[in-house]
Amino acid sequence: MIFEHKSVLLYETVDSLNIKPDGIYVDGNLGGGGHAYEVLKRLGPKGRLIGIDQDADAIQAASGRLKEYGEKVTIVRSNYRNIKEVLSSLGIEKVDGIYLDLGVSSYQLDTAERGFSYKTDGPLDLRLDSSRGMTAAERLKELDEEELVGMLVENSDEPYAKEIARRVMRELRNGNAVDTTTRLRELIEEALVFLPVADRKEAVKKSCQRCFQALRIDINSEFEVLYSFLDKLPGALKPGGRAAILTFHSGEDRLVKRAFKDGKKAGLYSEISADVIRPSAEECIKNGRARSTKLRWAIRG
């Protein structure tokens, strides 16, 4: 399968960086290289882009897509929370712009063996870096019912968290495995059987989306990673340097909004986006996964 990730708010994101032809920019979540390609088109001979990603498949895909730009591109396999360490290893202290696209790629969602989607049968994995850490199936075995409820509420605002957690934990207590995407989906369906038939199909679909999201956030420590990055972000930007972050659910957006707002109060940022920027109706029609996207930007003081 070809690594695909449709870049949401492509021009809005890159425009917010106010690209300098000789500047140094960091793509903290490179993916398939869509935003990076647009940035590189605007850079001159002395400009440079550093791309960071922890997914080996993403790095392979982006390397191929961006190869025409040669030495103007440096791709590093790492987590974006390590922004300062990555820059230091390249002999760079501060850069002109940093951006993040926190969306999961279409490739990751549609590759069954990665376990990101309830729509295809595969192992319940959900790791962004499949070479390390525990899988979602292994994580479920560690939790008790109350902890699972908390995860589903905190990470995805799941309204049926108690019912779903109770059904999943009963399955595990009975000695049965919950180690495939299909089995977790079936358990969610069983947990919501009390709902009216007319409402059940849509409710199950949305609960599956939220539950898979909550598990993915948990096993990849996504909130902790983003919080760590936001703390380091001002120190990695030159005065007047710009940051742009695309989020895809409310938990991420709250963290970014708070960090930018607090940073402006503290004098770290001279300006932040007054309102969240959202995709147009036309873009959402072309790419259904764009609907929840929010873009915020900030300028280093």
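Ser-16 is situated in helix 1, which spans residues 10-16; helices here are DSSP runs of H or I with at least four residues, numbered from the N terminus. The model is a predicted one, in which local features need pLDDT of at least 70 and side-chain atom pairs count only at pLDDT 80 or more, whereas totals for chains, interfaces and linings use all residues. Residues are numbered from 1 along each chain as its sequence is written, and side-chain values use heavy atoms, with hydrogens and water left out. With a relative accessible area of 10%, Ser-16 is buried, a class defined as under 20% relative accessible area, with exposed meaning over 50% and partly exposed in between (1.4 Å probe, protein chains only). Not counting residues up to four places away in sequence, Ser-16 touches Arg-242, Ala-244 and Trp-297, contact being heavy atoms within 4.5 Å.

The structure holds 24 salt bridges, each defined as a side-chain nitrogen of Lys or Arg within 4 Å of a carboxyl oxygen of Asp or Glu. One of them joins Glu-158 to Arg-210, with the closest N and O atoms 2.8 Å apart. Because Glu-158 lies in the loop between helix 7 (145-156) and helix 8 while Arg-210 belongs to helix 10, this pair ties together parts that are 52 residues apart in sequence. Glu-158 is buried, at a relative accessible area of 3%, whereas Arg-210 is partly exposed, at 22%.

Helix 9 comprises residues 181-191, of which Thr-181, Thr-182, Arg-183, Leu-184, Leu-187, Ile-188 and Ala-191 are buried, and the cover over these buried residues includes helix 8 (161-173) and helix 10 (197-219).

The lining of the second largest pocket consists of 16 residues, of which Gln-54, Asn-79, Asp-129, Arg-132 and Asn-220 lie nearest its centre.

Note on methods:
1 Å grid on protein atoms, 1.4 Å probe; cavity = no way out; pocket = protein on both sides within 12 Å on 5 of 7 lines; lining within 4 Å. Helix = DSSP H or I, 4+ residues; strand = E, 2+ residues; numbered from the N terminus.
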